Each structure stands twice: as C-alpha cells, then as structure tokens.
Amino acid sequence: MAATAENPFTSITKEIQIGDNTYKYFDLSELGKEKLARLPYSVRVLLESAVRNCDGFHVKQDDVSRILDWEKNRSAQAEIPFRPARVILQDFTGVPTVVDFAAMRDAVKRLGGDPDKINPICPTDLVIDHSVQVDVSRR
C-alpha cells in the first residue's frame, strides 16, 4: 500500500466555537461558491467526504474536482470515492455482514494471523428490530 500524503485541502479548514468546544471543518465554499450553490445536496455530501478523506491515494484531488464540476461531468461514467463517517446496518443486511466478519476472523486465526485486524474501516452500528438468539458468544 502506498504511503498517504497530507490532505491538500487543509488550507480551507476553519474552526467554530460551540460552547466550550472548538470544532474544525472544511469550508467547502472556499472551493467555489457558485459551483457549490448549484450542487444537489447529495452531491455536496460526496464532495465533503472526498475533501475530508483526500489523501492522494484512495481519494485524489482530481476526484474532488470531478465532483465539484458535477454539472459538466454528470453524464460521464466515473467512479466516485465515498467513505462515510458511519454506517448503520439494518438486521436484514447487518446480520450477514457480522457473519462474514466472524468467518474472516476465524480464517485469519486458522492461518496464524491476528483476527483482531479484521474490522470495518469506518464505525458501524447494527440495528436489530426483533429478537435474536445467541448460540455462542466471544470468550
């Protein structure tokens, strides 16, 4: 895996004070207020994710430019990187995901690796809206 560079958009980082806490955020209007104003909300979410995660490897500056120029590029076939801050799984899709992680951890352990290295990239919550039976739990 290639080494990642510092985020090239740190220059548009701003701070906001809320109560006793100070938070940093990327001011997307610094990328171009007119272009940003014309972006649909869902595309703004993609833009914010790309700017926040831009590392020159997984997410490149060209990706950010492509998203920002959405009107011009919307009919083009292009892969857009998206790394959500959190994933919420409903039981229908979440349970198979948990089973997949358990199977991958078992396989890594059988091969002599560290099963604790098998984890989601971003925080994930599983919402179960009915009863669940647990046959075996982690020891």
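The model being a prediction, local features need pLDDT of at least 70 and side-chain atom pairs count only at pLDDT 80 or more, while totals for chains, interfaces and linings use all residues. Residue numbers start from 1 along each chain as its sequence is written, and side-chain values use heavy atoms, with hydrogens and water left out.

The protein has five helices and four strands, read as DSSP runs numbered from the N terminus (helices being H or I with at least four residues, strands E with at least two). Starting at the N terminus, the order is β-β-α-α-α-α-β-α-β. Along the principal axes, the C-alpha atoms fill a box of roughly 55 × 40 × 35 Å.

Of the 139 residues, 21% are buried, where buried means under 20% relative accessible area, exposed over 50%, and partly exposed in between (1.4 Å probe, protein chains only). Among contacts with a separation of 6 or more, 49% link residues 24 or more positions apart; a contact here means heavy atoms within 4.5 Å. The accessible surface comes to about 10700 Å², with 53% of that belonging to carbon and sulfur atoms. These areas come from the Shrake-Rupley method with a 1.4 Å probe, and for residues only the protein chains shown count as cover.

On to the cysteines. The disulfide count is zero, a disulfide being a pair of cysteine sulfur atoms within 2.5 Å. For Cys54, the closest cysteine sulfur is that of Cys122, and at 18 Å it is too far for a bond. Cys122 is likewise in no disulfide. As for burial, Cys54 counts as buried at 3% relative accessibility, and Cys122 is buried too, with a relative accessible area of 15%.

Leu46 makes a handy stop within the helical part of the model: this residue is found in helix α2 (residues 41-52). At 26% relative accessibility, Leu46 counts as partly exposed. Leaving aside residues up to four places away in sequence, Leu46 touches Ile67, Ile80 and Phe82. Pro120 lies 74 residues from Leu46 in sequence, and the two are 20 Å apart in space, C-alpha to C-alpha.
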